[in-house]
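Please read them with the sequence and the coordinates open.

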Amino acid sequence: MDIRLGFNSRCTAHENSHSRAHAIMSGKGKGGRGKGKTGTGKSATKSSKAGLQFPVGRIGRYLKQGKYATRVGGGAPVYLAAVLEYLCAEILELAGNAARDNK
């Protein structure tokens, strides 16, 4: 399968495939979140990596300290934070609708 993107025909096959992969797999695209600024010195939180508002690290710490299990997987606090965030969003939406109706 040959994809022509208008690159210089004098490039070798390796250079052409590398340029094509770089053009297709760039960090930022249409509507994508992208990689953001690199080298700013600040580390990204687990919540921001998961795209959540609820604190993934704190929930993970509570799961470990609460002795619910001897071991806690890496995805467990992310999943739990996502579920709690979804439930809170649903409750807040219902409360907002009820408040608007009672005006």
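1. How much accessible surface does the protein have, and what share of it belongs to carbon and sulfur atoms? The accessible surface comes to about 9,100 Å², and carbon and sulfur atoms account for 56% of that area. Of the 103 residues of the protein, 10% count as buried.

2. The mean pLDDT of the protein is 79, with 62% of its residues reaching 70 or more. Among the elements, helix H1 (residues 13–24) has the lowest mean pLDDT, at 50, whereas H4 has the highest, at 97. Over residues 6–12 the pLDDT stays under 50, and for this stretch the model has five contacts beyond four places in sequence. Where pLDDT is low, the predicted coordinates should not be read in detail.

3. As to the overall architecture, the protein contains four helices and zero strands, so that, by the DSSP runs on which the assignment rests, the pattern read along the sequence is α-α-α-α. Among contacts between residues at least 6 apart in sequence, 29% join residues that are at least 24 apart.

4. Ser47 is buried, with a relative accessible area of 11%, and its side chain reaches the backbone nitrogen of Val56 at 2.9 Å. Leaving aside residues up to four places away in sequence, Ser47 touches Leu52, Phe54, Pro55 and Val56. The C-alpha atoms of Ser47 and Arg58, which lie 11 residues apart along the chain, are separated by 9.8 Å.

5. From Lys46 to Pro77 the C-alpha to C-alpha distance is 9.6 Å, although the two residues are 31 apart in sequence.

6. Lys67 is placed in the loop between helix H3 (56–65) and helix H4 (76–101), and it is exposed, with a relative accessible area of 69%.

7. A final point concerns the surface. Tyr79, Leu80, Val83, Leu84, Tyr86 and Leu87 make a nonpolar surface patch of about 570 Å². Leu80, one of these residues, has its place in helix H4, the element with the highest mean pLDDT (97). Why is Leu80 classed as partly exposed? Its relative accessible area is 32%, and it is therefore partly exposed, as this value lies between the 20% and 50% cut-offs.

Note on methods
Residues numbered from 1 in each chain as written. Predicted model: local features only at pLDDT ≥ 70, side-chain atom pairs only at ≥ 80, totals over all residues. Heavy atoms only, no water. Helix = DSSP H or I, 4+ residues; strand = E, 2+ residues; numbered from the N terminus. Buried < 20%, exposed > 50% of the residue type's maximum accessible area, 1.4 Å probe, protein only. pLDDT = per-residue confidence, 0-100. Contact = heavy atoms within 4.5 Å. Polar contact = N/O pair within 3.5 Å; in protein donor to acceptor, adjacent residues only side chain to side chain. Patch = residues over 30% accessible without salt bridge, like charges linked within 9 Å, V, L, I, M, F, W, Y side chains within 5 Å. Areas by Shrake-Rupley, 256 points an atom, 1.4 Å probe, with all protein chains shown as cover. Salt bridge = Lys/Arg side-chain N within 4 Å of Asp/Glu carboxyl O.
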